[in-house]
Amino acid sequence: MTIPQLELYDFGDKVTAFSTTRHRGYSTGNYAAFNINRYCGDAEEAIQKNREALCLTLGIRDDHLIMPHQVHEARVVKIDEALLALYATERQDALEGYDALMTDLKGVCIGVSTADCIPILLYDREKHAVCAIHAGWRGTVARIAEKAITEMRSAYGTQPQQLIAQIGPGIHLDSFEVGDEVYDAFAREGFDMSAISLKKEKWHIDLPECNRQQLLASGLEPQHIKVSPVCTFQQSANYFSARRLSINSGRIFTGIMMK
C-alpha cells in the first residue's frame, strides 16, 4: 500500500500532528494524488484507499479518523466516546456544519480540510487536549480561533498559556487578493488592517497573520505559535489550492492525535 507523504509538526513526543501533501495517493486529475475529503467530488474508491493508507500510517482504525463537513462558520464540536460509538452515518450527521473539532481522547485523529484556507492545530500540554480549526476568511472574520480556545477552556479547563499552536499551509498575503467587501468585513470586525492587509491593484489579506493575532489575543505565548511558510497558491504542485485548481479539486487534511 502507498504511504502518504506528510508534513509533520513538532508538538512533542506525545502528539502526532501533520498536513497531507498531494503526493503518494490514489486519486487522479485535480484530486491527485492524496485526498480524503468526501465533499469535493473525488471518487469514493480513491478516497477510501487514501483513508486506509493514512490510518495504517497513524496506527488507527478508520472510525478514529475524524473530519467534519465544514461550512465556513465558527462552530466547534467535541469528539468524545459517545460520538465515536455512533454508527458511521450517524457520526457523519453529528459532524455536519462544524469547522473546528476538539478532543481529549488518545488514539483519535481529528482534522480539518483546506485548499487555501488556514488550518490551525492546538495542543494543551497541561490538560492533554487537542483542537483542529478550519479558518477560511469567513471563519477568520468570525474569530473561530478565539472561539475554539474558549470552547477548550469550557470543556477541559484549558489555559491559553499552556497551548502550543501550529498554523498550517494556506494562502498567503501576496496571493490572497480580495474584493472591497472582504476587506470591509475584516475592518467592521475591528481587525488591525495595517497589520493584516496590503493594497496593490486590489486589497490583499494576510490570513495566517490574522489568525496568529487571534491566538495572541487569546493569551498564547508568541514563542508557542508556529506558522507554516507554505503558500498553497504558490505551491499548488505539492499542496491543493482551490484558487489555482478550482473548487473541483482535492483538499489538504491537517490532523492532530494524542498518543
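This is a predicted model: local features need pLDDT of at least 70, side-chain atom pairs count only at pLDDT 80 or more; totals for chains, interfaces and linings use all residues.
Residues are numbered from 1 along each chain as its sequence is written, and side-chain values use heavy atoms, with hydrogens and water left out.

I begin with helix H1, residues 44–58. Helices (H or I, at least four residues) and strands (E, at least two) are DSSP runs, numbered from the N terminus. H1 has 15 residues and reaches 21 Å from its first C-alpha to its last, close to the expected 21 Å; that expectation is 1.5 Å times one less than the number of residues. Among its buried residues are Ala46, Ile47, Asn50 and Leu54, where buried means under 20% relative accessible area, exposed over 50% and partly exposed in between (1.4 Å probe, protein chains only). The buried residues of H1 pack against strands E1, E2, E3, E6 and E14, contact being heavy atoms within 4.5 Å. Just after the helix, Gly59 takes a positive phi of about 75°.

Strand E14 contains Ile256. Why does Ile256 count as buried? Its relative accessibility is 0%. Leaving aside neighbours within four places in sequence, Ile256 is in contact with residues including Phe11, Val15, Cys109, Leu122 and Cys131.

I turn to the sheet. Three strands form an open sheet in the order E10-E12-E11, with antiparallel pairing; two strands pair if DSSP finds at least two bridges between them. Strands E10 and E11 stand at the edges, each with a single partner strand, so one side of each is left without a neighbour in the sheet. Three bridges join E11 to E12, and Ser197 stands opposite Ile205 in E12. Helix H6, residues 180–188, packs on this sheet, touching E10, E11 and E12, and its direction makes about 50° with that of E12. For such angles, axes are lines fitted to C-alpha atoms, for helices over the stretch in contact, and values run from 0 to 180 degrees between N-to-C directions.

Finally, the largest pocket: on a 1 Å grid over the protein atoms alone, a pocket is an open set of points where a 1.4 Å probe fits, with protein on both sides within 12 Å along at least five of seven lines, and lining residues have an atom within 4 Å of a point. It holds about 600 Å³ of space, a volume being the space filled by probe spheres set on the points, which are joined across faces, edges and corners. Of its 28 lining residues, His72, Cys117, His134, Ala242 and Arg251 lie nearest the centre. Elements giving two or more residues to the lining include E6, E10 and H6.
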